[in-house]
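Please read the points below alongside the model, taking them in order. They start with terms and then go from the whole chain to single residues.

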Amino acid sequence: MTNREKLGSMALYDMLLMMNENIEDKEPECVLDAIGAEVEGRCANVTFCRDCIARWLNEECHE
């Protein structure tokens, strides 16, 4: 299996969680910020990043 195949078979949610876990101690600290999503004020309303990422995935795209 190639890396392309492995990543292609992952659920988008799982991939974002994995990426977020690997950048939490770096800048930017959030995978959503890293991909250019609007994150201002988002962290104040959630306890866990996984909940925030799931909520973001279910929101309407504004672009």
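1. A residue is called buried when its relative accessible area is under 20%, exposed when that area is over 50%, and partly exposed in between, with a 1.4 Å probe and protein chains only. This is a predicted model, in which local features need pLDDT of at least 70 and side-chain atom pairs count only at pLDDT 80 or more, while totals for chains, interfaces and linings use all residues. Residues are numbered from 1 along each chain as its sequence is written, and side-chain values use heavy atoms, with hydrogens and water left out.

2. The protein has four helices and zero strands, and along the sequence these follow the pattern α-α-α-α. Helices (H or I, at least four residues) and strands (E, at least two) are DSSP runs, numbered from the N terminus. The C-alpha trace spans about 40 × 30 × 20 Å along its principal axes.

3. Of the 63 residues in the protein, 19% are buried. The accessible surface comes to about 5200 Å², and 49% of that surface belongs to carbon and sulfur atoms; such areas come from the Shrake-Rupley method with a 1.4 Å probe, and for residues only the protein chains shown count as cover. Taking contact to mean heavy atoms within 4.5 Å, 33% of the contacts between residues at least 6 apart in sequence join residues at least 24 apart.

4. Which residues make up the largest nonpolar core? A nonpolar core is a set of buried Ala, Val, Leu, Ile, Met, Phe, Trp, Tyr and Cys residues joined through side-chain atoms within 4.5 Å. The largest one here has nine residues in all, namely L16, L17, C30, V31, L32, A37, V46, C52 and I53. Two or more residues are given to this core by each of α2 (12–23), α3 (31–34) and α4 (49–58). Leaving aside residues up to four places away in sequence, C52 touches L32, R42 and V46.

5. N20 has its place in helix α2 and counts as buried because its relative accessibility is 2%. Its side chain reaches the backbone nitrogen of V31 at 2.9 Å, which can be read against the definition of a polar contact: a pair of N or O atoms within 3.5 Å, where within protein one must be able to donate a hydrogen and the other to accept it, and residues adjacent in sequence count only if both atoms are side-chain atoms. When residues up to four places away in sequence are not counted, N20 touches E29, C30, V31, C49 and I53.

6. The side chain of R42 reaches the backbone oxygen of E38 at 3.5 Å. Beyond residues up to four places away in sequence, R42 touches L32, C52, W56 and E59.

7. T47 also has its place in the loop between α3 and α4, but T47 counts as exposed, because its relative accessibility is 69%. From C-alpha to C-alpha, T47 and R4 are 32 Å apart in space, and they are 43 residues apart in sequence.

8. T2 has its place in the segment before α1 (3–9), and with a relative accessible area of 41% this residue is partly exposed. T2 and W56 are 54 residues apart in sequence and 29 Å apart in space, C-alpha to C-alpha.
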